[in-house]
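Please have the sequence and the structure at hand while reading.

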Amino acid sequence: MRKPAQGRDQAPAYDLLVKDSQLLVVDDATEIPGGWVALRDGRVAAVGGPGTEPQSAARTVSATGRLVTPGLINTHHHLYQNLTRSFAPAVNGTLFDWLTTLYPLWSGLDAEAVHLSTYIGIAELLMGGCTTSMDHLYVHPRPRLVDAEIRTAQEIGFRFHATRGSMTRSAEDGGLPPRSVTQTDDEVLADSERVVTAYHDPSPGALIRVALAPCSPFSVTRELMVQTAELAERLDVRLHTHLAEDRDEDDFCLETHGCRPVEYFASVGWMTGRTWVAHCIYPDDEERARLAAAGVGVAHCPSSNMLIGGGTAAVREMRALGMPVGIGCDGSASTDHASLWMEARGALLLARYRGGPAAMAARDALDMATRGSARCLGRDDELGHLRPGACGDLVVWNTHEVALAGSFTDPVEAWLRCGPSRAWTTIVGGRVLVDQGEPQLPALEEKLREHARVARRIQRLA
């Protein structure tokens with residue numbers, strides 16, 4: 001690869017150059033030892049091997065022998081839940097116990113609480129190598145909470161897929177949540193259209209997109225599931241929900257709808273390629289094949305599954321069927337962290353625990369956390385890889401030299417096996433948002449103080 005010509009008075013050809021990597025992972029087919037990547041206008045402009053680096057760029061980041069990968073992509077999260085992390089009365093319950101304990105606390109959410117939890121959550125995601133995240137905000141005790149999190153992501157410059165979640169079945173209607181955190185079908189549909197119209201950006205490279213996301217089959221009415229699918233089709237946005245997460249969900253759907261969750265999911269118009277679902281632990285072989293044939297994606301949430309003890313998705317089998325399978329942190333209150341690195345490692349361990357040492361390699365986990373996740377969000381053309389033209393989202397990883405001592409033969413395997421690892425540099429759309437391991441968010445210290453104050457209020461602590 002020839003070096004670009006650089007005249008004495010000519011502006012630098014590139015905005016940002018990351019060089020001197022130990023290994024540059026471009027995609028599943030291309031890895032470049034000692035590779036570099038150059039960005040222009042928020043996009044990948046060029047990649048190459050050692051000795052072919054551009055002569056100059058407006059800014060240069062030295063990867064100093066570190067692994068460089070595409071940014072990781074989070075396909076399932078509930079950012080507001082970091083306000084109730086490790087809440088003692090809920091930590092040892094089943095999924096339904098956990099939810100019924102926390103729903104009353106979440107009724108205290110307001111725009112300030114959503115802003116602060118989003119700000120802190122994005123900072124944590126960036127530190128864990130995440131450059132794109134969705135968020136599933138389905139608790140709406142007050143209006144326009146989705147607006148607060150979208151504005152926060154815009155303030156930071158983070159790539160964000162907001163989902164307008166919803167619950168309409170309160171405990172009085174046979175559901176789980178109290179009336180205080182539910183809405184009517186009409187309220188949900190009207191606000192869903194408002195949020196999409198106000199914020200969804202379908203253009204290439206968009207930082208903000210919106211999807212529609214009723215919480216689960218047991219928390220909304222059949223009518224809302226049907227009408228949300230129709231609205232998503234009309235507005236051309238994606239669909240998201242929890243599906244087949246718990247055995248109790250099987251019982252609920254059989255008693256309420258006379259069928260299993262996947263059959264109900266299909267009957268309300270959600271069996272479509274615009275849909276991705278969270279967890280998907282309990283479908284049988286026939287149901288998995290049906291989901292795969294329809295192009296439905298799955299957000300695999302390893303830590304949440306293990307902490308709540310509800311089983312885990314058969315991701316090896318799903319990937320073999322061609323299903324888009326990505327990685328999700330899930331809510332901070334169930335997982336208690338927001339590190340996509342930890343989730344990728346958890347996916348690796350769980351797959352090998354279930355299927356033996358050949359069931360998954362580190363590159364498979366990386367593939368799920370990048371290209372698989374991008375497929376779930378409908379953006380595999382421009383996210384999850386570093387080919388020229390892709391969005392300029394990448395991570396320079398930092399693993400302490402003590403942890404890496406003795407690892408010489410495979411930097412990608414060492415990345416997940418020898419951690420803990422965290423981002424040394426996180427770049428979103430060409431902007432450095434983590435530098436030398438620290439988030440470049442000037443208001444972070446103040447936001448942490450305010451977050452502590454609001455979290456204590458939400459948890460009803462003195």
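Is glutamine 436 buried or exposed? Glutamine 436 counts as exposed, because its relative accessibility is 52% and the threshold for that class is over 50%. The structure is a predicted model, and the values that follow are computed from it.

**Overall fold**

The secondary structure of the chain amounts to 16 helices and 19 strands. The chain is as compact as a globular protein of its length, because its radius of gyration of 22 Å is close to the 23 Å that the globule rule gives for 462 residues. The C-alpha trace spans about 70 × 45 × 45 Å along its principal axes. Of the 462 residues, 61% count as buried.

**Salt bridges**

Side chains of opposite charge can pair when their charged atoms come close. In this model the count of salt bridges comes to 30. Three of these pairs are set out below.

| Pair | N to O distance |
|---|---|
| Aspartate 435 and arginine 59 | 3.5 Å |
| Glutamate 233 and arginine 274 | 3.3 Å |
| Arginine 371 and aspartate 367 | 2.7 Å |

The side chains of aspartate 435 and arginine 59 meet in a salt bridge. This pair links distant parts of the chain, with aspartate 435 in strand β18 and arginine 59 in strand β6 (residues 59-62), 376 residues apart. Aspartate 435 is partly exposed, at a relative accessible area of 23%, and arginine 59 is also partly exposed, at 37%.

Glutamate 233 and arginine 274 likewise form a salt bridge through their side chains. Here too the pair links distant parts of the chain: glutamate 233 belongs to helix α5 (residues 222-235), while arginine 274 is in the loop between α7 (261-267) and β13, and 41 residues separate the two. Glutamate 233 is exposed, with a relative accessible area of 52%, whereas arginine 274 is buried, with 14%.

In the salt bridge between arginine 371 and aspartate 367, both residues lie in helix α13, four residues apart, about one turn of the helix. Arginine 371 counts as buried because its relative accessibility is 13%, a value under the 20% cut-off. Aspartate 367 is buried as well, with a relative accessible area of 17%.

Salt bridges also join residues into a network, whose members are Arg144, Asp147, Arg164, Asp191 and Arg194.

**A patch of negative charge**

Asp97, Asp248, Asp251 and Glu255 gather in a patch of negative charge on the surface. Which helix contributes the largest share of the negative patch? Helix α6 (residues 247-257) does, with three residues. Aspartate 251 is found in this helix and counts as partly exposed, at 41% relative accessibility.

**Backbone features**

Most residues other than glycine have a negative phi, and most peptide bonds are trans. The following sites depart from that pattern. Serine 86, a residue other than glycine, has a positive phi near 50°. Serine 86 lies in the loop between β8 (72-74) and α1 (95-106) and is partly exposed, with a relative accessible area of 45%. Glutamine 436 also has a positive phi, near 50°; its place is in the loop between β18 (431-435) and β19 (438-439).

Where is the cis peptide bond with omega of about 10°? This bond joins glycine 419 and proline 420. Proline 420 lies in the loop between α15 (411-417) and β17 (421-428).

**Two further prolines in loops**

Proline 283 is situated in the loop between β13 (275-279) and α8 (285-294), where its relative accessible area of 6% makes it buried.

Proline 357 occupies the loop between α12 (340-355) and α13 (362-376). Proline 357 counts as exposed, at 64% relative accessibility. The C-alpha atoms of proline 357 and histidine 400 are separated by 26 Å, and the two residues are 43 residues apart along the chain.

Methods
Residues are numbered from 1 along each chain as its sequence is written. This is a predicted model: local features need pLDDT of at least 70, side-chain atom pairs count only at pLDDT 80 or more; totals for chains, interfaces and linings use all residues. Side-chain values use heavy atoms; hydrogens and water are left out. Patches are made of residues with over 30% relative accessible area and no salt bridge: like charges are joined within 9 Å, nonpolar side chains (Val, Leu, Ile, Met, Phe, Trp, Tyr) within 5 Å. Accessible areas come from the Shrake-Rupley method with a 1.4 Å probe; for residues, only the protein chains shown count as cover. A salt bridge is a side-chain nitrogen of Lys or Arg within 4 Å of a carboxyl oxygen of Asp or Glu. Lys and Arg count as positive and Asp and Glu as negative; His and the chain ends are not counted. The place of a charge is taken as NZ of Lys, CZ of Arg, CG of Asp or CD of Glu. Buried means under 20% relative accessible area, exposed over 50%, partly exposed in between (1.4 Å probe, protein chains only). The radius of gyration is taken over C-alpha atoms; the globule rule is 2.2 Å times the number of residues to the power 0.38.
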